[in-house]
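Here are my notes on this two-chain model, written as numbered points. Have the structure open while you read.

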Amino acid sequence: MAFLDIKNVTKSYGSVKVLHETDISIEEGEFLVLVGPSGCGKSTLLNMIAGLEEVTSGEIAIRGARMNEVRPSQRNIAMVFQSYALYPNMNVAQNMSFGLEMHGMPKPEREKAVAQVADLLQISPLLDRKPGQLSGGQRQRVAMGRALVRDPDVFLFDEPLSNLDAKLRVDMRTEIKKLHHKLGTTIVYVTHDQIEAMTLSTRIAVMYGGYVQQLGTPGEIYDKPANMFVAGFMGSPSMNLFPAKVAVENGAPLAQFALADGGAGKLPFAGNGMAAHDGREVVLGIRPEAITDADGADRKSHAIHTVEAQVEVTEPAGSDTFVVAQFGDTEVTGRFRADVDVKVGARFPFAVNMEKAVAFDPETEERIG
Amino acid sequence: MAGGAATQVIRTGHGTRFLIYTFLAIFCLYYLLPLYVMLTNSLKPLSEIQAGGMMALPSDWTWAPWASAWSTAQIGVQPTGLSPYFLNSILMVVPAVALSTVLGALNGYVLTKWRFRFDTLVFGLLLFGCFIPFQMVLIPMARILGLMGLAGTVPGLVFVHLVYGIGFSTLYFRNYYAQFPTELVRAAMIDGAGFFRIFWRIMLPSSGPIAVVCIIWQFTNIWNDFLFGASFADFDSQPMTVALNNLVSSSTGVKEYNVHFAGAIMAALPTLLVYVVAGRYFVRGLMAGSVKG
């Protein structure tokens, strides 16, 4: 039995179903990230785990015990909110010990627990300050401290980093990851930031339109997206998706697509799996880092193929240069090393790593290979 | 607020400045004149007033009119002075203000953080209650007080003012709590605090500014109320305002203007005091949430 079980859970407001049948099982110590655009149902699912919203149908269980009717305070969970939700009238120490006090822990033990967590998060000097006197990063730490001190079964994070500036966000992200490694706690974390999802999680649930689109490790989600939504949502810049046609030449399947100059690009698939789809129209998905120059291509790959196409735009970004060309009447972006000499308007042999290519059905948008 | 020069929107020359301040000074004097007349005349013997020196400073300073107004003047039929009625007013105002403020806060808390079906309708009806003229409820209220056995008592007056006060205090607190982040309530729920615990430990301690506004508003209104006091109180439960009227409008004997002035000042002092003590929070509370800062 899993540690946290979400079984066939749905949520409706009146006749509007905001979360469709969802099944997720989380083992102890896992870091699950729910990621998706706003309105996808991820916060609703988190609030249902917390007990702040009722489950319309299905069951949520922690350590095998059904939680649907259990009050939030009795679920042994702790939550970190987007706005931190620190009690403005209490100082940091009181904020952290409030939950313990409500659960009837005697004062000496409370003080010991608070001191311990404050030490861990390096907020000991702030203990007698009010939240109003703290910076954004400090508030964030206190909010995490308040959750940690409870020593709960499951931590719930609701977009905890979205109120921080860019640099602090990266620092806190690292810190949360370190904390997870150190304490081995079970975490469910909601974010709309796919980079946060990739860096923090042991598993990701990509959500859209009230459905879990794909549940998997960051590697699976990135390399084998279940459908075109996941492919487009995860990764920055996002995966190139362009129409192509499957053809079999000399027994090997390849993808054919139009180029801007009227010619045709041909990219053989790695492996023979796509041979079954001979003649089928597909949407080909290739990550920008799999489209580069011959010298920059992955040396371990056995399926580097070149396509000559005209360079339309180059976007130097410091560490990389993004090069835009047209494959199948669609703009595709390649990620090149910064020092590669690429001229706009010239023809250039793009080296494509077909081991990393995926194909989708244009109708259902599901991955077929 | 920023430095003086920066806040000055319109630049004015010395001449204009002089004119403006002269004008303001004149208005100031004009408004202070009644207080001056009341104070000076309450401190002189009756003979000086009858001699026609209304505007003059007392030539013979005396506290006698104050003492008389407080403890010996004829109120209605008894020569008790205003002191028992002052006490009545205190006994009426303090519980009425405290209860209506706390209940208003509770209402505001429920209407914003524990929303239910038709909550806006309930709020609308409470608001509607604020705008019902006092005169309209006199007879039904008298009937209800009679049924409750509270007719002619101080607790009866407390009840009447409480009922009238809740509409306004709910309005204040609801609007204040609407700005209050709901995530705080959710965090407290996860921490294990219940409905009342959240109210006492988190909502109320953060309601300072609006509580001051509410207290000043309720105190002034209830203390200054005459109609309910005159309608629902007996001789021994009359508030200060009614007693003052009885003192001033008694039709027997000589009109003791100096005593009347002293009594009128006494009746006005508590509200003045509340404004002086809490006034700076008043504007701050009214403006709370309107500007980020």
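1. A definition to start: two residues are in contact if their C-beta atoms, placed from the backbone, lie within 7 Å. By that criterion, eight residues of domain 1 of chain B are in contact with seven residues of domain 2 of chain B. Keep in mind that this is a predicted model.

2. The top contributor is α2(B), with four residues. By class, the domain 1 side of chain B holds five nonpolar residues, two polar and one charged.

3. Staying in chain B, have a look at helix α5 (residues 83-113) and helix α11 (residues 208-224). Their axes come within 9 Å and cross at roughly 145°, and the crossing of α5(B) with α11(B) is right-handed. From α5(B), the contact uses S89(B), M92(B), V93(B), A96(B), V97(B), S100(B), T101(B) and G104(B). From α11(B), A211(B), C214(B), I215(B), Q218(B), F219(B), I222(B) and W223(B) take part. Ten of the residues in this α5(B)–α11(B) contact are nonpolar and five are polar, with no charged ones. For the spacing along each helix, recall that an α-helix has 3.6 residues a turn, so residues three or four places apart point the same way.

4. Now the interface between the chains. On it, 13 residues of chain B are in contact with 17 residues of chain A. Helix α9 (residues 182-191) of chain B supplies the largest share of the chain B side, seven residues. That chain B side has eight nonpolar, two polar and three charged residues.

5. Chain A overall: there are eight helices and 21 strands, and the C-alpha atoms fill a box of roughly 75 × 45 × 35 Å along the principal axes. Chain A has 369 residues, of which 42% count as buried. Among its contacts with a separation of 6 or more, 66% are between residues 24 or more positions apart.

6. Chain A also comes with two assigned domains, domain 1 (4-233) and domain 2 (240-360). Their C-alpha centres lie 39 Å apart. Seven residues of domain 1 of chain A are in contact with six residues of domain 2 of chain A. Helix α8 (residues 228-233) of chain A gives the most to the domain 1 side, with three residues. That side of domain 1 of chain A has three nonpolar, two polar and two charged residues.

7. How much of helix α1 (residues 42-50) of chain A is buried? Eight of its nine residues are, so α1(A) is largely enclosed by the rest of the structure; K42(A), L45(A) and I49(A) are among the buried ones. G51(A) follows α1(A) and has a positive phi, near 90°. Helix α5 (residues 166-183) of chain A passes a length check: its 18 residues should span 26 Å at 1.5 Å a residue, and its end C-alpha atoms are 26 Å apart. Just after α5(A) comes G184(A), with a positive phi of about 60°.

8. R150(A) is a charged residue worth a click. It sits in the loop between α4 (136-148) and β7 (154-158) of chain A. R150(A) counts as buried because 22 other C-beta atoms lie within 10 Å. Leaving out residues up to four places away in sequence, R150(A) touches A78(A), G99(A) and L100(A).

9. Last, some backbone spots to check. Most residues other than glycine have a negative phi, and most peptide bonds are trans. N8(A), not a glycine, has a positive phi of about 55°; N8(A) is in strand β1 (residues 4-13) of chain A and is exposed, with 12 other C-beta atoms within 10 Å. E365(A) also has a positive phi, near 65°. E365(A) lies in the segment after β21 (358-360) of chain A and counts as partly exposed, with 17 C-beta neighbours inside 10 Å. Finally, the peptide bond joining S236(A) and P237(A) is cis, with omega about -5°, and P237(A) is in the loop between α8 and β11 (240-249) of chain A.

Methods:
Residues are numbered from 1 along each chain as its sequence is written. Chains are lettered from A and ligands numbered from 1 in the order in which they are written. This is a predicted model: local features need pLDDT of at least 70, side-chain atom pairs count only at pLDDT 80 or more; totals for chains, interfaces and linings use all residues. Helices (H or I, at least four residues) and strands (E, at least two) are DSSP runs, numbered from the N terminus. A residue is buried if 20 or more other C-beta atoms lie within 10 Å of its own, exposed if 12 or fewer, and partly exposed in between; C-beta atoms are placed from the backbone. Axes are lines fitted to C-alpha atoms, for helices over the stretch in contact, and angles run from 0 to 180 degrees between N-to-C directions. A crossing is left-handed if the near helix is turned anticlockwise from the far one by less than a right angle, and right-handed if clockwise. Domain bounds come from an automatic or database domain assignment. The expected span of a helix is 1.5 Å times one less than its number of residues.
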